[in-house]
Amino acid sequence: MSETTGQILGVRPARESRTQRKARKNLERLVRAEARAAMPTPEPVLDDMPRATTGRWGSQSLGLWGPPAPSLPSHRITSPRLGVATPFLAESGLGVRGAVVGIDEESGGLFSLDPWELYRAGHTTGTSLLCIGNVGTGKSTTNKALAARLVALGRKVAVASDPKAEWVRVAQALGAAGIVEIGPGRPGRVNVLDAGPRPHDADDAAWAQIAFQRRRTTVAAVLSQLRGAAQLDPFEATALDLALEHVGRTSSVPVVAALIQALLAPADDARKIVGDAGASLALSLRRLTMGDLAGMFDAPSTAVLDPSMRMFVFDTSALLSSSADALAIASTITSAWLNYVIHDKSSRDFWMIVQEEGWSAMRDPKTVEQMDERVRMAGEWGIAPMLIMHELKDLDMIGPPDSPQRNQALGLMSKAQVKIIHRQSRETVPDLAVTLGLTEREQELVVRLRQGQALWKIGADKAFRVRTLITDVDRAVFDTSARRAG
Ligand SMILES: Nc1ncnc2c1ncn2[C@@H]1O[C@H](COP(=O)(O)OP(=O)(O)OP(=O)(O)O)[C@@H](O)[C@H]1O
Ligand SMILES: [Mg+2]
């Protein structure tokens, strides 16, 4: 879909045909016209204020002595006026390279952003992002625009779960994407024993160790969910280790049926140590090969990450009617797989990891832990985790106030360095203001935002009101209104 890529805002491809160049120029003209249209109309009283000069120093007589004022194009608002009328938005722009998201409605200029460039420029201390807003306010659209345009700049995007299957079209439009559909009767598989890609620098012995550890972590997490958080006793833990070691040695692509077999019928020397301790683990794991979880995690993965892939989507729409614990187990396995793939240190790829409908995923404590790990390890792994949720009340589904799980989720929100706040209901704003550090003016603003508009808070002290700009091509791919309209 080079046509779509050619229309990505603010991006000039290394090679482009005449038609593509023409399309790009036309798009840029359209964007500039939109930016001009978005300009606030001047307010005469405030505009009578002393203007900043554009010389090396300000004018002493007007009391503007100090560092030089920016040289503003004629259609832009003056900074004194901006500073008085809208102090919380009195910004000179981020000045970093990035994907164009939309229009900064105060300056009328284009607003662009890249989580890693923001960090390099010192605007933020990390790369995690949060997007929060009421139903239908434009969260997914904003994220799709940001993601698609970051991909055009060479970043990569993984959607950890896509309960409405709305990112599938985006991935298809961008091309070079991996889409795996998980659910009863669906073709996608994520092998619970998949150890992810082998690091380039690992020899056979090191890789056997890494694969063993990864499988052990995933299977232990799944067992804990299958057994209602019961911990493995020392005999069970040893039985699991021996069985995993056996399947890793005897099969190049081990699957859970082989693990169940090794747990039920351990070799004689293993049986001398652990007796029948593996049998109950085997019975718990049978749920992955029979019953409600069969046919999703019990065969070699169809999810394969090719280095040339630019986007990856786990389509989880078929899991919608599954039980909460089935959903949680699926999320544990797919998240573990994604983590192994993305934190390959030898790769130079930077991934934005989108947790769409995060409120649903956060009902499971393991998933919250995995999200938290991603936020903590973001710098190490070269990732930018994006959590999308509706409002602070989403946390009520996670646990009572002051429960550890809820506090962890709250921490995920407050740790985000880029906070994209779409319209909020008034009653939720006071608490949200505390969590996200909103000023009084920002609290007033977030209840008035229109569809497609958001307050972007960057790092500790920068804020912008941005209207996400989507082109006609984007609209055809991003739109979610058809089903809403009935
Ligand atoms: N920036 C925008 N420009 C134009 N239209 C927009 C914009 N943002 C959103 N819309 C319109 O609003 C619809 C809903 O947007 P979107 O699906 O992004 O909302 P949402 O906040 O993700 O909703 P939900 O809470 O249901 O997931 C879109 O299909 C589109 O028609
Ligand atoms: Mg959405």
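## Aromatic pairs

With a relative accessible area of 0%, F312 is buried. F314 is buried as well, its relative accessible area being 0%. These values, like all others in this report, come from a predicted model. The rings of F312 and F314 form an edge-to-face aromatic pair, with 5.2 Å from centre to centre and 80 degrees between the planes.

The count of aromatic pairs in the model comes to six. W116 and F350 form one that is edge-to-face, at 5.5 Å centre to centre and 65 degrees between the planes. This pair links distant parts of the chain, 234 residues apart: W116 belongs to helix α5 (residues 115–120), whereas F350 lies in the loop between α13 and β7 (351–355). W116 has a relative accessibility of 8% and therefore counts as buried, the cut-off being under 20%. F350, at 32% relative accessibility, counts as partly exposed. The ring of F350 also has a charged neighbour: R155 lies over its face, at 5.1 Å from the ring centre. Elsewhere, ring pairs join F111, W456 and F464 into a cluster.

## Contact of α13 with α15

Two packed helices are described by the angle between their axes and the distance between the axes. For helix α13 (residues 324–342) and helix α15 (residues 365–381), the axes come within 11 Å and cross at roughly 10 degrees. Angles under 35 degrees count as roughly parallel, and α13 and α15 are therefore roughly parallel to each other.

On the α13 side, the contact is made by S331, T332, S335, A336, L338, N339 and I342, which meet K366, T367, Q370, E373, R374 and W381 of α15. By class, the residues of this contact are four nonpolar, six polar and three charged.

## Contact of α9 with α12

The axes of helix α9 (residues 234–250) and helix α12 (residues 277–285) come within 8 Å and cross at roughly 70 degrees. Because angles of 65 to 115 degrees count as roughly perpendicular, α9 and α12 are therefore roughly perpendicular to each other.

From α9, the residues in contact are F235, E236, A239 and L240; from α12, they are A277, G278, S280 and L281. Classified by residue type, the contact of α9 with α12 has five nonpolar, two polar and one charged residues.

## Helix α7 and its surroundings

Helix α7 (residues 167–174) is largely enclosed by the rest of the structure, because six of its eight residues are buried. The buried residues in α7 are W167, V168, V170, A171, A173 and L174. After α7 comes G175, which has a positive phi, near 75 degrees.

Q424 is placed in the loop between β9 (418–421) and α17 (429–436).

Leaving aside residues up to four places away in sequence, Q424 touches I132, G133, N134, H390, E391, V429, L432, V446 and V447.

Notes:
Residues are numbered from 1 along each chain as its sequence is written. Chains are lettered from A and ligands numbered from 1 in the order in which they are written. This is a predicted model: local features need pLDDT of at least 70, side-chain atom pairs count only at pLDDT 80 or more; totals for chains, interfaces and linings use all residues. Side-chain values use heavy atoms; hydrogens and water are left out. Axes are lines fitted to C-alpha atoms, for helices over the stretch in contact, and angles run from 0 to 180 degrees between N-to-C directions. Helices (H or I, at least four residues) and strands (E, at least two) are DSSP runs, numbered from the N terminus. Angles under 35 degrees count as roughly parallel, over 145 as roughly antiparallel, 65 to 115 as roughly perpendicular and the rest as oblique. Contact means heavy atoms within 4.5 Å. Ala, Val, Leu, Ile, Met, Phe, Trp, Tyr, Cys and Pro count as nonpolar, Asp, Glu, Lys and Arg as charged, and the others, Gly among them, as polar. Rings of Phe, Tyr and Trp (its six-membered ring) pair if their centres lie within 6.5 Å; planes under 30 degrees apart count as stacked, over 60 as edge-to-face and the rest as tilted. Buried means under 20% relative accessible area, exposed over 50%, partly exposed in between (1.4 Å probe, protein chains only). A charge sits over a ring if NZ of Lys or CZ of Arg is within 6 Å of the ring centre and within 35 degrees of the ring normal.
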